[in-house]
Number of protein chains: 2
Amino acid sequence: MINQMAGSRSMEFQNAPYIISAASVVGPKEEEGPLGGLFDLTAPEAEFGEDTWEKAESTMQKEALQTAIGKAQLETCQVRYLFGGDLLAQLIATSFGNGETEIPLFGLYGACSTCGESLMLAAMTIAGGYADYAAAVTSSHFGSAEKEFRFPLGYGNQRPLSASWTVTGSGAFVLSSRCASGGSVLSSGLNGLTRTEDENAAGLHNEASDSAEGKSMNGHFRNNETEPAAEGGHVRVRGATPGRIVDMGVRDNMNMGACMAPAAGDTICRNLEDFQLQPKDYDQIITGDLGYIGQHILLDLMKERDLDISDRHMDCGIEIYDKEKQDTHAGGSGCGCSAVVLASYILPKLESGEWKRVLFVPTGALLSKVSFNEGQTVPGIAHAVILEHA
Amino acid sequence: MINQMAGSRSMEFQNAPYIISAASVVGPKEEEGPLGGLFDLTAPEAEFGEDTWEKAESTMQKEALQTAIGKAQLETCQVRYLFGGDLLAQLIATSFGNGETEIPLFGLYGACSTCGESLMLAAMTIAGGYADYAAAVTSSHFGSAEKEFRFPLGYGNQRPLSASWTVTGSGAFVLSSRCASGGSVLSSGLNGLTRTEDENAAGLHNEASDSAEGKSMNGHFRNNETEPAAEGGHVRVRGATPGRIVDMGVRDNMNMGACMAPAAGDTICRNLEDFQLQPKDYDQIITGDLGYIGQHILLDLMKERDLDISDRHMDCGIEIYDKEKQDTHAGGSGCGCSAVVLASYILPKLESGEWKRVLFVPTGALLSKVSFNEGQTVPGIAHAVILEHA
């Protein structure tokens with residue numbers, strides 16, 4: 001069933017799991033960006049009705065997961081395992097966001113690469129026959145991340161131009177070994193989404209329900225321009241290349257792109273080599289949150305290996321904010337960055353068939369404030385999954 | 001191949017993976033405890049030759065993993081995936097301990113339950129056919145944990161009697177779909193262990209090499225009393241019950257046992273129910289680090305469900321320190337606690353056949369200093385694996 005591919009560390013799923021639903025929840029700054037209108041839920045305030053940033057992040061995770069499960073027309077109890085993580089010490093956003101679901105939880109930490117790690121393990125779990133349905137959820141929050149890694153926001157520290165802006169957002173995905181019989185379960189749209197009074201009190205804005213006539217039936221991968229084909233499209237996780245730690249000795253915690261680019265390059269090159277593919281075999285090679293500086297470094301590193309991916313490289317951190325208007329310097333970052341861009345922007349293009357095959361490579365910088373203050377380097381890691389239109 | 005067992009969240013491996021090697025590395029306090037002499041490597045100082053506790057913890061992980069790989073007579077490159085974690089924010093002990101191996105890393109966080117989580121995912125990976133060899137490594141360090149969760153050690157804070165003492169130790173395990181042909185690969189003992197000058201400089205004390213004539217050939221699961229049977233014994237991971245978050249509203253971060261006991265009870269009960277077993281079907285039911293107070297609570301909770309496990313319950317946190325002499329109050333705790341007790345004490349008894357089947361249930365308390373200071377509760381989680389003599 002699984003091809004280990006001797007000598008490589010990649011894996012190929014013969015029974016490639018389907019991503020049967022996805023959901024994205026973001027804060028107001030993300031909604032104001034170029035992808036605004038594509039997200040499932042937004043809040044008018046980044047506090048999400050809570051009194052701390054950490055609780056706000058937990059609320060985002062809870063909303064994202066429930067929305068994704070609802071879209072898949074599943075009961076929560078049908079999701080056998082949950083793979084989740086966030087950027088905070090001891091994963092408190094995840095721990096306090098998902099307890100009520102009672103789904104057994106595998107807590108993960110891969111810094112901003114966690115979205116890739118969670119999708120990979122969920123796919124392995126499905127393809128290995130351990131579950132009919134498994135979910136993956138990740139999040140980040142600008143307020144909680146600045147507090148965790150940098151300076152108190154009230155201090156008003158000036159950020160260098162190489163710094164990125166942590167995305168306030170959470171993305172959740174439900175994976176299954178099968179798509180719905182007779183068509184895509186994606187076409188269930190938001191019908192399955194149930195919301196409690198309490199959740200509505202958090203001030204969340206459900207975009208689909210605001211435009212029920214026009215859009216909400218278009219499938220859970222929002223597509224504002226075309227009606228869905230009756231038979232629907234599907235997205236499958238065809239394979240994966242787990243990341244390894246790559247440490248080039250960079251020590252600047254205000255230049256995450258430089259820290260992570262070598263890891264992205266390592267994973268992309270190993271993926272191409274292991275599967276004997278060329279860059280042109282992917283419609284897009286999409287990193288998580290390298291930003292403008294990291295993208296330059298990645299493209300340079302790839303060229304050194306005679307691989308030109310410049311015509312098909314995309315970075316979620318570049319896509320999510322408007323460079324000119326939003327003052328986010330090097331771009332967006334965080335576990336939530338790649339997750340919400342995948343849910344809102346990438347998967348719809350794969351579902352529609354506009355893209356046939358994409359390499360999705362969330363990237364993480366493995367530091368803590370302790371390791372940074374002790375003078376350690378900032379190693380990177382990048383977990384890649386191959387997503388295909390089916 | 002895998003029995004999902006409808007209605008349950010447990011899994012049973014039909015091709016149960018073997019734990020083909022294990023290694024334990026501890027600090028001096030652990031070596032002075034009742035299990036002293038059973039660990040593979042000890043250091044005379046808890047700094048392990050490093051200048052920070054965090055680096056000391058990374059060094060322990062590196063040593064434990066290399067020792068386990070050496071005992072399995074493998075090259076590092078043969079280990080396809082590594083599942084690792086620790087207690088520190090952003091898993092810096094793991095990130096900085098395992099980069100040189102170049103093994104793709106799945107970073108995990110389940111607080112002190114991470115040893116169970118890592119074994120479970122490694123077993124799923126092996127049984128699912130994704131790898132011939134996968135490794136699991138976890139660690140904790142008293143110094144780094146106190147700094148991470150409680151007070152600076154220099155402050156000399158008085159610890160209440162309900163507090164536990166974080167174990168300075170790391171345990172590593174190599175899993176495979178097959179045992180060595182013609183007998184146990186365990187019998188390779190420490191022959192495969194290679195040590196560099198630099199590692200020796202860290203002041204590590206290799207117990208096996210100190211007693212090569214008497215003990216080191218007895219197999220990597222140390223057994224000081226009997227010669228190994230020529231055919232050897234094996235230990236297999238027969239099944240698993242992943243943990244879910246259990247929050248009973250306990251808020252005392254100096255009483256981890258009380259925080260975690262309900263989660264342990266939940267996982268043990270679900271395990272018994274899912275597999276239709278009685279407590280007597282296990283020779284031992286072994287929790288990770290409940291300590292004395294947590295053990296009492298667990299036994300009470302089980303009795304409320306008409307399940308008496310008092311005659312076969314063991315807790316790694318109780319076993320590792322001497323209650324009278326070592327002043328560790330409620331017992332030992334930490335990711336490293338269950339890991340080193342499993343490697344040094346539990347696996348040898350399973351290998352020899354003294355125990356035929358054990359439920360190993362590492363327990364974790366899901367808090368951070370931020371969640372605690374924000375007045376949040378301390379939820380628990382417990383991941384259980386079924387270990388069998390084969």
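1. The crossing of H2(A) and H5(A) is left-handed, a term used when the near helix is turned anticlockwise from the far one by less than a right angle, with right-handed for clockwise. The residues of this contact divide into 1 nonpolar, 2 polar and 3 charged, where Ala, Val, Leu, Ile, Met, Phe, Trp, Tyr, Cys and Pro count as nonpolar, Asp, Glu, Lys and Arg as charged, and the others, Gly among them, as polar.

2. This is a predicted model, in which local features need pLDDT of at least 70 and side-chain atom pairs count only at pLDDT 80 or more, while totals for chains, interfaces and linings use all residues. Residues are numbered from 1 along each chain as its sequence is written, chains are lettered from A and ligands numbered from 1 in the order in which they are written, and side-chain values use heavy atoms, with hydrogens and water left out.

3. In H2(A), Trp53(A), Glu54(A) and Glu57(A) meet Gly143(A), Ser144(A) and Lys147(A) of H5(A), contact meaning heavy atoms within 4.5 Å.

4. Chain A can be laid on chain B by a turn of 180° and a shift of 0.0 Å along the axis, with an RMSD of 0.0 Å, the copies being superposed by least squares on the C-alpha atoms of residues with pLDDT of at least 70 in both. That is the relation of a two-fold axis.

5. In the interface, 67 residues of chain A are in contact with 67 residues of chain B.

Terms used. Helices (H or I, at least four residues) and strands (E, at least two) are DSSP runs, numbered from the N terminus.
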